[in-house]
Amino acid sequence: MSLLNDKVAVVTGAGRGIGRAVAIAFARMGADVVCVSRTEENSAKVAAEVEELGRKAWAKAVDVSDTAAVESAAKDILEQAGKVDILVNNAGVTRDNLLMRMSEEEWDTVLNTNLKGAFNFTKAFTRPFMKQRSGRIINIASVIGLIGNAGQSNYAASKAALIGFTKSVAKELAPRGVTANAIAPGFIETDMTAVLDEKVRDAILERVPMSRFGSPDDIAHTAVFLAMEPTGYMTGQVLTVDGGMVM
Ligand SMILES: NC(=O)c1ccc[n+]([C@@H]2O[C@H](COP(=O)([O-])OP(=O)(O)OC[C@H]3O[C@@H](n4cnc5c(N)ncnc54)[C@H](OP(=O)(O)O)[C@@H]3O)[C@@H](O)[C@H]2O)c1
């Protein structure tokens, strides 16, 4: 299939988990992919997997929370790839703690990565998107941004804010043919959730009608849906992909 033939996609947090699955699903659909992650090693590994699928790939080690680094990376990306059609703001972290014990560092790290990171990358590509009168922005939020979670006030705040950001960007850019949507995954099998102990996993599964965690591909396929040409009339939406947990 070639639903994304010759599109160029930038995927942040592409080194592992959901971001890696998005990069590979996009490549399978014909897109060239810029793989951004914190570490050179992980972004390079996934870029090599994209190339094995016959698409072009670029690996970038960029801290999404570093505004100057993102601006400079965005310039390089536009020069090297020639254009960008799709941006997936996926890089994210957790620093769980009860509010009473949460440090300023835990709060700042989560907000700076999950929210400011998306601001940095979205702003960096807004001008080119507006100029070319097309562009797809896909922000990976979370069901936790919709329903909250004890021990994750920083994470929930970052994801709820990302949803508000998505809707505002959607309104600003709609007249220029640029869409912005969010995906709110439920619990997905990645390194992020591998740290949960058995008891917590069982408690989560009791709340999931499908009685299973999602796979990174479940989210990647939704990202493909939001990136492809025929869904271009959809903007400012939040798609929940969670086995029925929040409905
Ligand atoms: N897993 C879930 O259940 C779940 C549920 C809802 C939402 N989400 C969201 O989905 C997204 C991906 O989650 P995941 O589970 O795939 O996470 P993951 O397996 O922990 O991978 C996170 C990715 O983000 C990158 N990253 C982290 N901080 C970064 C920074 N400051 N700059 C650049 N890259 C950074 C990491 O880079 P390196 O590889 O170089 O370390 C890694 O590639 C996150 O936004 C997360 O909040 C996940």
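This is a predicted model: local features need pLDDT of at least 70, side-chain atom pairs count only at pLDDT 80 or more; totals for chains, interfaces and linings use all residues.
Visitor: How many residues does α1 have?
Guide: Helix α1 covers residues 17–28, which is twelve residues. Helices (H or I, at least four residues) and strands (E, at least two) are DSSP runs, numbered from the N terminus. From its first C-alpha to its last, α1 reaches 17 Å, close to the 16 Å expected at 1.5 Å a residue; the expected span is 1.5 Å times one less than the number of residues.

Visitor: Is α1 mostly covered or mostly exposed?
Guide: Mostly covered, since eleven of its twelve residues are buried. A residue is buried if 20 or more other C-beta atoms lie within 10 Å of its own, exposed if 12 or fewer, and partly exposed in between, with C-beta atoms placed from the backbone. Among the buried residues of α1 are Gly17, Arg20 and Phe26.

Visitor: What happens just after α1?
Guide: Gly30 takes a positive phi of about 100° there.

Visitor: Which residues touch the most other members of the largest nonpolar core?
Guide: They are Ala9, Ala23, Phe26, Val33, Cys35 and Ala223, in a core of 69 residues. α1 gives the most to this core, with eight residues. Such a core is a set of buried Ala, Val, Leu, Ile, Met, Phe, Trp, Tyr and Cys residues joined through C-beta atoms within 7 Å.

Visitor: In which sense do β1 and β2 pair?
Guide: Strand β1 (residues 8–12) and β2 pair in the parallel sense over five bridges, where pairing requires that DSSP finds at least two bridges between the strands. Val8 stands opposite Asp32 in β2.

Visitor: Why is Leu53 partly exposed?
Guide: Leu53 is partly exposed because 16 other C-beta atoms lie within 10 Å. Leu53 lies in the loop between α2 (40–52) and β3 (57–61).

Visitor: Which elements each supply at least two residues of the shell around the ligand?
Guide: They are α1, α4 (104–132) and α7 (191–194).

Methods
Residues are numbered from 1 along each chain as its sequence is written.
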